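Have a look at the model first, then read on.

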Amino acid sequence: MTTSRNIFLSSMPPKFDDLNSFAEKIRLSTGLIYKLYKYSDKHYKIFSIPKKSGGHRIIRAPSKPLKAIQAWILRNILSHVGIIDHATGFRNGTNILDNAAFHIDNRYFLIYDLEDFFPSIGYGRIYNIFKAIGYNSYICHVLTSLCSCEKVLPQGGVTSPILSNIICHRLDKRIIGFVGRHEVTYTRYADDLTFSATSPKYLQRIFNFVIKIIEDEGFTLNKSKTRFMGPKKRRKITGIVMSDNSLGIGKYRKRRLRAEIHNLLVKSPGPKNDETIKKAAYISGWLAFIRSIDQDGFDQLIQYLEKLIKKNKIKNSPIRYSKYQ
C-alpha cells in the first residue's frame, strides 16, 4: 500500500493516538516515555571520532532506555516502509559488495559525497515521515523527538540509518529517473552516491543536473570528495576494488595485511602486551570483514597466515579468525 508521500508500506504498523496507548503498545510507563521524548537531548552521550579523511565525526549515542524505544520503533514501525533497491546501505542482507555489484559491467565511475549527511536531516523531515505513515500530529512529535537529537537526525541513533533511507527516497527516485535515460547506473550507500557508465560522455551529460537534484532535495555536495575514475585508475567504490569484472579488497589491501600479519607473528612475536593485543584485534577484524566480501582474498590471507604459524612453530596465535561463515 502507498501513502500520500509515496511511502510504500508492506503492512500496517501499530496504531496509537496518545501517549497512554503508545505506552501500552511498547510496555513501558507513560512517565518514562514522556521524560524521554520531552527531554530527549539529555539522553544522548555526545562524543567525536576521527574521520579517515581528516577532521572529526560527531556521534550521538542514545541512553539505554532511549535506545530500547528506538529499537521498538525500528522493528514495529519503520521496518514496514519499503526502501528502493538502489539504496544499498543500512539494510539487512546487503553490504558494500552488493552496492558495487550494480556497477560491475561499467568502466567509468563518478562518485559524489553528501556533506554532513545525518545532521543535514532536520526535525521537520523526520516528522513528515511519521505523518505520511499515518500518525496524528501529537504522536508524530513524540516519535520524532524520540528519534532526533538537537532537532537533527543523530549519527549513532538506532533509527537514524533507516530514517535516512526513507527520507532519501525521493532523491533516489529523481536521480534514477533522470540518469536511466542517459545509460547511467546509480546507487546510494548512505552518503556515497555512485554513478557508472560504459562511456565517460554519459557521466558528463548527467554531472550538473544531478547536483541540482541533490541541492533541490536539501542536501549539500562535498565537492572535495567528488571523484571520477576510468579504466586506467584504481577503481574503488565504498571500499570495494573493481577489476576485470570482479570485486574484492584489491592487491594493495592484501599486501598491507600480509605485511601486518608478518610483522606481528615473525618480527615481534614476544609476549602479549596491550600493543600486540590491539594489533591482533585490528587484523582479526579485517579478516572477518574480508571474509564477508571477498572469499578468495580471505582464503589467500588465511593460507599465508597458517603458513607462517607452521613455519615459525607458533603455538598460540594472537590473531583470531574463522574459515566458516
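## Starting at a loop arginine

Let's begin with Arg234, which sits in the loop between strand E6 (227–229) and strand E7 (235–237). Helices (H or I, at least four residues) and strands (E, at least two) are DSSP runs, numbered from the N terminus. Arg234 comes out as partly exposed, at 45% relative accessibility. On that scale, buried means under 20% relative accessible area, exposed means over 50%, and partly exposed is in between (1.4 Å probe, protein chains only).

A word on the background: this is a predicted model, where local features need pLDDT of at least 70, side-chain atom pairs count only at pLDDT 80 or more, and totals for chains, interfaces and linings use all residues. Residues are numbered from 1 along each chain as its sequence is written, and side-chain values use heavy atoms, with hydrogens and water left out.

## The positive patch

Which residues form a positive surface patch? Arg234 is one of them, along with Arg227, Lys236, Lys251 and Arg255. To be in a patch, a residue needs over 30% relative accessible area and no salt bridge; like charges are joined within 9 Å, and nonpolar side chains (Val, Leu, Ile, Met, Phe, Trp, Tyr) within 5 Å. Lys and Arg count as positive and Asp and Glu as negative, while His and the chain ends are not counted. The place of a charge is taken as NZ of Lys, CZ of Arg, CG of Asp or CD of Glu.

## Salt bridges

How many salt bridges are there? The count comes to 6, taking a salt bridge as a side-chain nitrogen of Lys or Arg within 4 Å of a carboxyl oxygen of Asp or Glu. One of them pairs Glu150 with Arg60, at 3.0 Å from N to O. That pair ties together distant parts of the chain, 90 residues apart: Glu150 is in the loop between helix H6 (137–146) and helix H7 (160–167), and Arg60 is in strand E2 (residues 56–62). Glu150 is partly exposed at 43%, whereas Arg60 is buried at 12% relative accessible area.

Asp216 and Arg174 also meet in a salt bridge, 2.5 Å from N to O. Here too the partners come from distant parts of the chain, with Asp216 in helix H9 (residues 200–216) and Arg174 in helix H8 (residues 169–179), 42 residues apart. Asp216 is exposed at 52%, and Arg174 is partly exposed at 32%. Both belong to a network of salt bridges that also takes in Arg170 and Glu217.

Glu260 is partly exposed at 22%, as is Arg256 at 36%.

## Cysteines and helix H6

A search of the whole structure turns up 0 disulfides. Cys140 is buried, with a relative accessible area of 0%, and Cys147 is buried at 0% as well.

Val142 is in helix H6 and is buried at 1% relative accessible area. Val142 and Ile33 are 109 residues apart in sequence, but their C-alpha atoms are 8.9 Å apart in space.

Key. Disulfide = S-S within 2.5 Å. Areas by Shrake-Rupley, 256 points an atom, 1.4 Å probe, with all protein chains shown as cover.
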